[in-house]
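Reader: I would like a close look at one helix and what surrounds it. Please keep it brisk.

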Amino acid sequence: MSEITSLQNPRIKAALRLRSGRHRRKQGRFLIDGLREIGRAIQAGIRLIEGFLCPPKVDTPQLQKVLELWAATGTPLWQVSPPVMEKLAYGQRQEGLVAVAEIPSRRLEELVLPDRPVVAVLEGVEKPGNIGAVLRSADAAGVSAVLLADCPGDLWNPNCIRASLGCVFTVPIAVSSSAEVLAWLRRQGIRIYAARVDGSILYTDADLRPPAAILLGSEAEGLSSVWTGPDIQAIRIPMCGQADSLNVSTAAAVLFYESLRQRGLSERA
């Protein structure tokens, strides 16, 4: 395997462009940095395009395990020099492997839900790190799917991938407009609970055992007027101090685990 040492190499230049959201959308590709994240992407069936390997000074069992998964995909792997890997790797994180992958389809009509789902809806959430943290909590609490409604945040931003610990690849996700998500939830017969600071009932009093959707808006704007109607119940998390709201990922974790508590802690939604 010949080593790529120049940052002017066309493959390297194309990969580096994927740090930009505009180029991710243009190429239909994104970067995956981190052994855990790459391993989860492969196991979730994400289509890899190519990869760049810079073996660390100390070999690790985790790297070998991921390389075995990689080999089974038949995806090209290029060895690069340490300076090239330093540019490819995100921040100061250098685990010796970076992947280029195809952006997968994430459409509402492709979702398949279990019989009694709990669905999370994020509206207008901008920060990729917050989206990633919500996905991590959704995975841990057995949430059936996460829907992004009018969210400017980029699922394939490195901050989202890292904050999710790779759960962006394993949790069922769909991206659409708020109006389309609301119509879809109603067609599915799913109860809708909107987290609002002025919600009429405490979140612990909401019945999350039947098919349910938990809605969370951005910290700056909250939920839009789309989420009003007789079939939408506003719920609140009590705030006992000076702050009038929680970070969206913290609020999501509280609500997801309340759903899990009501359904039985050993049950996966």
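Author: What follows starts with helix α8 and then turns to side-chain pairs elsewhere in the chain. The model is predicted.

Helix α8 covers residues 178-188. Which of its residues are buried? They are Ser 178, Val 181, Leu 182, Trp 184 and Leu 185. Look down the axis of α8: these buried residues fall within an arc of 165°, so they line one face of the helix. An α-helix has 3.6 residues a turn, so residues three or four places apart point the same way.

Now turn to the other face. Away from the buried side, α8 carries the exposed residues Ala 179 and Arg 187. What does the buried side pack against? Its partners are the strands β6 (118-123), β7, β8 (173-176), β9 (191-195), β11 (212-217) and β12 (232-236). Just after the helix comes Gly 189, with a positive phi of about 70°.

Take β9 next, one of the strands packed against α8. Arg 191 lies in β9. Arg 191 forms a salt bridge with Asp 207, and the closest N and O atoms are 3.7 Å apart. This pair links distant parts of the chain: Asp 207 sits in the loop between β10 (201-202) and β11, 16 residues from Arg 191. Both ends are partly exposed: Asp 207 has 24% relative accessibility, and Arg 191 has 40%.

Strand β7 also packs against α8. The loop between β7 (145-149) and α7 (158-163) holds Trp 156. Trp 156 forms an aromatic pair with Phe 30. The pair is tilted, with 4.8 Å centre to centre and 35° between the planes. Phe 30 lies in strand β2 (residues 29-33), so the pair ties together parts that are 126 residues apart in sequence. Both Phe 30 and Trp 156 are buried.

Cysteines come next. The structure holds zero disulfides. Why does Cys 160 form none? Its sulfur is 10 Å from the closest cysteine sulfur, in Cys 151, and that is too far for a bond. Cys 160 is also buried, at 0% relative accessible area.

Finally, compare another helix. In α9 (residues 248-263), Arg 261 and Glu 258 are three residues apart, about one helical turn. Their side chains meet in a salt bridge at 2.6 Å, N to O. Arg 261 is partly exposed, at 48%, whereas Glu 258 is buried, at 6%.

Definitions and conventions. Residues numbered from 1 in each chain as written. Predicted model: local features only at pLDDT ≥ 70, side-chain atom pairs only at ≥ 80, totals over all residues. Heavy atoms only, no water. Phe/Tyr/Trp six-rings, centres within 6.5 Å; stacked < 30°, edge-to-face > 60°. Helix = DSSP H or I, 4+ residues; strand = E, 2+ residues; numbered from the N terminus. Buried < 20%, exposed > 50% of the residue type's maximum accessible area, 1.4 Å probe, protein only. Disulfide = S-S within 2.5 Å. Arc of directions from axis to C-beta. Contact = heavy atoms within 4.5 Å. Salt bridge = Lys/Arg side-chain N within 4 Å of Asp/Glu carboxyl O.
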